[in-house]
Amino acid sequence: MKYFAVIQPVIANKINLQKLGRSSAFFLVQFLFCLTVVAQKAVVIPIETKENALILETDKDNRLWIVHNGKKLTNPGEYALVNARYNLSEANAGKYNHAYTPSGTWNLSEPAIRVTHSDGNPSLELTYLTHEVKKENNNVQTTIIRLKDPVYDFLVTLFYKTYFNENVIEQWTEITNKEKGPVILNKYASANLFFPESNFHLTSFQGQYLREMQPMEERLQQGIKTVESKLGTRAMLLGTPNFIVSLNGPAAENTGNVMLGQLAWSGNFKLDFEIDSYKNLRLIAGINPFASEYRLAPGESFKTPSLIYTISNEGTGKASRQLQDWARQYRVLDGKGERLTLLNNWEATYFDFNEPKLTALFKDAKTLGVDMFLLDDGWFGNKYPRNGDDAGLGDWQENVKKLPHGIGYLVKEAKAAGVKFGIWIEPEMVNPKSELYEKHTDWVIRQPERPEKYYRNQLVLDLSNPEVQDFVFGIVDTLFMKNPELAFIKWDCNAVIYNAYSAYLQAKNIPQTHLYVDYIKGLYKVLERIRAKYPKVPMMLCSGGGGRGDYEFLKYFTEFWPSDNTEPVERIFLQWNYSYFFPSITIDCHVTDWGKQPIKFRVDVASMGKLGFDIVASHLKPDDLSFCQQAIANYHAFKGLVWHGQQYRLANPYEGPVASFAYINDSRTKGVMFTYLHSNRFMETATEKPIKLNGLDPLKNYSIREINLYPGTKSTINTGSVYSGEFLMNVGINPDVHSKRQSVILEITESISQK
Ligand code: DGJ
C-alpha cells in the first residue's frame, strides 16, 4: 500500500494544486484518481492450514475484516468473492467482524483493545498498513499484519502462526506506543475471532479444588458468555482457559466442525464468547483486563500471550489429536522425549519423615520397578521447621533434625538403591512463620495497612520484583549446583493472590495495575533462566491440583499435576477431560490409596498418563505387590504408545457406565486399549456390546491380548483370535468388563501371517 504515501500528503493539502500548471494539475488529478481506485481494491489475506482458512480483507476505509473462517476453498481466487455474499446492515448498530476491534470510534460492540492516548483521548481506529509472511519451514509460517491509528502514532501488529499439517493456529498481538507520552492499555486482547455460522455450543471446563476440569456444554445465545480468572496465581483453579466451540450443534467425537482452543497465559485470563445480533460468534480472548491497566512508555511494545487453537471438521477426536501432535512437536519441553516413572512420598509420610524412613522408601521404589523417588514437602526450615503447612515455607535449607546429612546424602543413597532422586519445591510462596518473611516482608504481596489474608497459611512472593526473581532462580540453581545428579523437580503453588499490592512497583513508581501481569512475566523470566542453564531436567508443574497447566508454562515444564483428586473413577473423567487439550505424556497420574477400587483398577487408570505411585509399597499385600511389579514392567513396554501415540476416546464415561480409550502408534501396527466399568449399578450391564476401535489400518490384521492381569485371574479375551482392522473399527471388540472385571487393558499388535 505504498501509494498511500503519495495520496496522503495531497489529502492533507500538503501539495498545493494551485501552484501547479493546469495541465500538470490535470495529469496529477488523473494519476491520483487511478491510485485511489487501486488503493480501494481490497487486500485479501489468506491464513491457511491444511484444511481450514481464515480470510481477512480490507474495506474502502482500509479497515480489516474477517470474511471467512472455516473450510479451505480449493480455488483461493474465490476468497475475494466471499464478502459480497453477505448483506449485513451496519445500521443495526454493529459491524462485528473486525480482525481486532478497536474502541471509542465506530465500534459499539465488545472491543479487543481499548486505550487512553498520551493526551487523555480514549478513541482508537485501526487501519491496515502492511502485511508479510515469514516462513520457518514447510509446515510453519507466520503472517504478520500491521495496523495503525490514522490519527495517533499507535501501532497494532497481528501475528498468526500456522502449523499447517496440524491445523493449528497460534495467534497473538503486539501493541506499540510511538506517541510522545505514555499510553494506557485498558484492554489488550490476544485475539479477536469471528465465525459466520449458527447454532454455536461452548464447552468450558470449570470446577474447584478436587473437582477440576468439569465440562459444561451450553448453547450460546445472543450476548456475552465470559470465562475468566481473577485468582492471580494458580489461575485455573476455578475455571480454565481451555474451551471447545462446536458449530452447527453440540460437539461430537467423530463428526462436525469444532474449534478447540486455549489461551496460553498462566495468570488472569478472560475469554468472551459473544453471539452478535446476526447470530454470528465473536471470540475475544486475552489477559483479563480486571485491575490490569498497563502503562506503555513511548517506544515500548506489549506482546500479548497466544491464543492457540485448532479446527477440525471431524469432531473433537481429530481436534484433540491435532492439538496433541502440535504440543508434542512444537510446544511441550521434551514433548517427544522420555519421562520418569516415580514413587512419591507425600501421601505415604506427609511431613513426618527422616532419613531412615526415606532410604527405606528408595528401596520400595526399586522393588516396584519405577525410575525415581520423589521427596515431597517438609524437608526444609530450621528456625521454623516445616512440620506442617503453617511454617517454614521460604526457608530452603534442609531441616537438620529430619535430614542431618542433607539432600546430597539422599541423592547418593537413592543412587545406591538403584533409583534417581527428585525433589519438591514451592518457590513462589512464603509462610508468615518463616525467616524469609521476617527478613523480606517487602518481597511479599500484601497490603501494608491491612490484615493479611492467607490461603493454606501462606502468601505469595512478589515476582514483579527482580530481586525476588533472583531469589526464586537461586532456589533451583542452588539445588542443582549442590546436587548435580538431582533428576527431577516438582514445582508446587498452593496460594492465590489476596491483597494484590507490590511494594516494589510502588517504590519504582510503576502503577499497581501492572502487578498481575508483571508477576507472570517475572515468573516466565525465572523459568527462562532455569531452562537456559538446565535445559533438559524434567520438571512437574503442580498447583495443589489443577490450578496450573497451560501451553506457556509447558514451554518450561515437561508435565503437570492435574488434580489432588486421585480417586480412580474420578480420574477417568478428569483424564478424559484433560485429554481434549493435552497429550498424555504431560499428565502426571499417581496411584494412591484414594477410592475403593482394587489396586489393578487404580494402576490401570494411572497407566493412561505418566505413571507414578504415592503409596506405602511395603504395606501392599504380596499379590498386590507382584501385580504392581508386573504392571510397571508392562507400562515400560507400552508407555511409548501412551506418550507418543495417537489417542482415541472410544467410549464416553458421561454417556454410559463404560469408559474406553486407545492409543495407536503412527504406523498403526501397535496399540493399547483401556476399558473401565466406572458405574456399578445393577441395571448397568457393560458386556452387551462391543466397543469400536479407531485409528487402525482396515487392511491390517491384529491380534488382541489382555495384559495387566491380577495374579490368579484368567483372561476371557486371550483366545488367540486375529481380527482385521476393518472388523475392529466397524464391529469392535468386547473387552468383557463387568463387576468382577472392572478394568481391562488390551494390547493390539499387527499380526503378520507366516507363509
Ligand atoms: C499440594 C500437592 O498437590 C501435593 O501433591 C503435595 O505436593 C502438597 N502440595 C505438598 O504440600
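This is a predicted model: local features need pLDDT of at least 70, side-chain atom pairs count only at pLDDT 80 or more; totals for chains, interfaces and linings use all residues.
Which residue just after α6 takes a positive phi?

Begin by selecting residues 406-417, which form helix α6. This helix has twelve residues and reaches 17 Å from its first C-alpha to its last, close to the 16 Å expected at 1.5 Å a residue. Next, colour its buried residues: Gly 406, Ile 407, Leu 410, Val 411, Ala 414 and Ala 417. The elements that cover these buried residues include α5, β21 (372-375) and β22 (420-425).

Proceed one step beyond the end of α6 and select Gly 418, which provides the reply to the opening question: its phi is positive, at about 95°.

To inspect the contact itself, display Glu 355, Leu 358, Thr 359, Phe 362, Lys 363 and Lys 366 on the α5 side. On the α6 side, display Gly 406, Tyr 409, Leu 410, Glu 413, Ala 414 and Ala 417. Of the residues in this contact, six are nonpolar, two polar and four charged.

Finally, move to strand β28 (residues 588-591) and select His 590. This histidine is buried, with a relative accessible area of 5%. Leaving aside residues up to four places away in sequence, His 590 touches Leu 342, Asn 344, Met 540, Trp 561, Thr 566, Ala 606, Gly 612, Phe 613 and Asp 614.

Terms used. Residues are numbered from 1 along each chain as its sequence is written. Side-chain values use heavy atoms; hydrogens and water are left out. Axes are lines fitted to C-alpha atoms, for helices over the stretch in contact, and angles run from 0 to 180 degrees between N-to-C directions. Helices (H or I, at least four residues) and strands (E, at least two) are DSSP runs, numbered from the N terminus. Contact means heavy atoms within 4.5 Å. Ala, Val, Leu, Ile, Met, Phe, Trp, Tyr, Cys and Pro count as nonpolar, Asp, Glu, Lys and Arg as charged, and the others, Gly among them, as polar. Buried means under 20% relative accessible area, exposed over 50%, partly exposed in between (1.4 Å probe, protein chains only). The expected span of a helix is 1.5 Å times one less than its number of residues.
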